[in-house]
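Biologist: Could you take me through this one? I'd like to hear about a pocket and then about the sheet.

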Amino acid sequence: SNLIYCIRCHWCHLLYIGETMRRLDDRFAQHLRSVHTNQPDLPMAQPFSSPSHSEFDLSVLGLLQCQSEAQCKLEEQHLIFHLGSLHHSGINIDSSNFR
């Protein structure tokens with residue numbers, strides 16, 4: 001809980017940076033459900049619902065334990081920017097929090 005994490009595709013090397021207040025296993029399972037149910041409004045479902053990808057291409061890694069939800073949100077935005085995981089270079093789609 002209170003964690004910044006990264007999901008990476010071994011096939012195309014796309015990155016997704018996220019934050020969660022829950023257990024990482026539970027959050028990753030939620031991402032996988034969005035792929036299985038092909039929910040096009042969710043960032044993980046778009047690339048991994050295609051025939052050239054599968055859930056087996058994905059790995060998840062905890063990156064940073066945070067002290068608070070506010071710190072997690074700030075660190076998440078920082079890593080999205082610095083690791084270049086915004087859509088077309090990555091899977092993250094929202095950059096509205098960058099200042």
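**Pocket and sheet**

Modeller: In this predicted model, the residues lining the second largest pocket divide into 4 nonpolar, 4 polar and 2 charged.

Biologist: Which residues line the second largest pocket?

Modeller: The lining is made up of Tyr16, Arg27, Gln30, His31, Arg33, Ser34, Gln39, Leu42, Pro43 and Met44.

Biologist: And which helix gives the most to that lining?

Modeller: That is helix H1, spanning residues 24-36, which contributes 5 residues to the lining of the second largest pocket.

Biologist: How much space lies in the pocket?

Modeller: The second largest pocket holds about 150 Å³ of space.

Biologist: OK, switching to the sheet. In what order do the strands come?

Modeller: The sheet is an open one of 3 strands, arranged in the order E2-E1-E3 with antiparallel pairing. Strand E2 (15-20) and strand E3 (58-65) are at the edges and have a single partner strand each, so one side of each lacks a neighbour in the sheet.

Biologist: How many bridges join E1 to E2?

Modeller: Strand E1, residues 3-9, is joined to E2 by 6 bridges, and the two strands run antiparallel. Within this pair, arginine 8 stands opposite leucine 15 in E2.

Biologist: Which helix packs on the sheet, and which strands are touched?

Modeller: Helix H3 (residues 69-83) packs there, touching E1, E2 and E3, and the direction of H3 makes about 175° with that of E2.

Notes
Residues numbered from 1 in each chain as written. Predicted model: local features only at pLDDT ≥ 70, side-chain atom pairs only at ≥ 80, totals over all residues. Heavy atoms only, no water. Pairing = 2+ DSSP bridges. Helix = DSSP H or I, 4+ residues; strand = E, 2+ residues; numbered from the N terminus. Contact = heavy atoms within 4.5 Å. Axes fitted to C-alpha atoms, helices over the stretch in contact; angles between N-to-C directions. 1 Å grid on protein atoms, 1.4 Å probe; cavity = no way out; pocket = protein on both sides within 12 Å on 5 of 7 lines; lining within 4 Å. Points joined across faces, edges and corners; volume = space filled by probe spheres on them. Nonpolar A, V, L, I, M, F, W, Y, C, P; charged D, E, K, R; others polar.
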